[in-house]
Amino acid sequence: MALAMVQGPRAGLAAVAAVEGRLAGHHRLDAVRAHLLEKAGDHEAARAAYRRAADHTLSTPEARYLRLRAARLPPPADGSTG
């Protein structure tokens, strides 16, 4: 996240991709990816990543928070439910 704050969300996404093998399947990786995708303006991919993170956490409050983050994103431009 610090890298993304200095160099932008795309640099942060590249850093996430670099560690993905070691952290594959961890819900927090998807949550970070979702946040960076949101910052980069890719709301559809961010929504999917937030939902994936919510599906994989064992914490009900955290899942609720992640689903709310997904739900508050603008709808897809094509009008689909995303």
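Asp-55 is exposed, with a relative accessible area of 53%; exposed means over 50% relative accessible area, buried under 20%, and partly exposed in between, computed with a 1.4 Å probe on protein chains only. The structure is a predicted model, in which local features need pLDDT of at least 70 and side-chain atom pairs count only at pLDDT 80 or more, while totals for chains, interfaces and linings use all residues. Residues are numbered from 1 along each chain as its sequence is written, and side-chain values use heavy atoms, with hydrogens and water left out.

**Overall architecture**

The chain has 5 helices and 0 strands, and its pattern along the sequence is α-α-α-α-α. Helices (H or I, at least four residues) and strands (E, at least two) are DSSP runs, numbered from the N terminus. Of the 82 residues in the chain, 35% are buried. Contact means heavy atoms within 4.5 Å. Among contacts between residues at least 6 apart in sequence, 44% join residues at least 24 apart.

**Salt bridges**

A salt bridge is a side-chain nitrogen of Lys or Arg within 4 Å of a carboxyl oxygen of Asp or Glu. The whole structure contains 6 salt bridges.

| Pair | Closest N to O |
|---|---|
| Arg-69 and Glu-38 | 3.0 Å |

Arg-67 is partly exposed, at a relative accessible area of 42%.

Glu-38 takes part in a salt bridge with Arg-69. Because Arg-69 lies in helix α5 and Glu-38 in helix α3 (residues 27–40), the pair ties together parts that are 31 residues apart in sequence. Both Arg-69 and Glu-38 are buried, and the relative accessible area of Glu-38 is 15%.

Arg-72 counts as partly exposed, at 47% relative accessibility.

Two packed helices are described by the angle between their axes and the distance between the axes. Axes are lines fitted to C-alpha atoms, for helices over the stretch in contact, and angles run from 0 to 180 degrees between N-to-C directions.

Helix α4 (residues 43–56) and helix α5 (residues 60–71) have axes that come within 8 Å and cross at roughly 165°. The two are therefore roughly antiparallel to each other; angles over 145 degrees count as roughly antiparallel, under 35 as roughly parallel, 65 to 115 as roughly perpendicular and the rest as oblique. Their crossing is left-handed, a term used if the near helix is turned anticlockwise from the far one by less than a right angle, with right-handed used if clockwise.

On the α4 side the contact is made by Arg-47, Tyr-50, Arg-51, Ala-53, Ala-54 and Asp-55, and on the α5 side by Ala-63, Leu-66, Arg-67, Arg-69 and Ala-70. These residues divide into 6 nonpolar, no polar and 5 charged. Here Ala, Val, Leu, Ile, Met, Phe, Trp, Tyr, Cys and Pro count as nonpolar, Asp, Glu, Lys and Arg as charged, and the others, Gly among them, as polar.

Arg-47, in helix α4, counts as buried at 4% relative accessibility. From C-alpha to C-alpha, Arg-47 and Arg-67 are 8.5 Å apart in space, and they are 20 residues apart in sequence.

**Packing of α3**

The axes of α3 and α4 are 8 Å apart, at an angle of about 160°. These helices are therefore roughly antiparallel to each other, and their crossing is left-handed. Residues of α3 in this contact include His-27, Asp-30 and Glu-38, while those of α4 include His-43, Tyr-50 and His-56. The contact residues divide into 8 nonpolar, 4 polar and 4 charged.

With α5, α3 packs at an angle of about 25°, the axes being 12 Å apart. That makes α3 roughly parallel to α5, and the crossing is left-handed. In this contact, His-27, Arg-28, Ala-31, His-35 and Glu-38 of α3 meet Glu-62, Leu-66 and Arg-69 of α5. The residues comprise 2 nonpolar, 2 polar and 4 charged.
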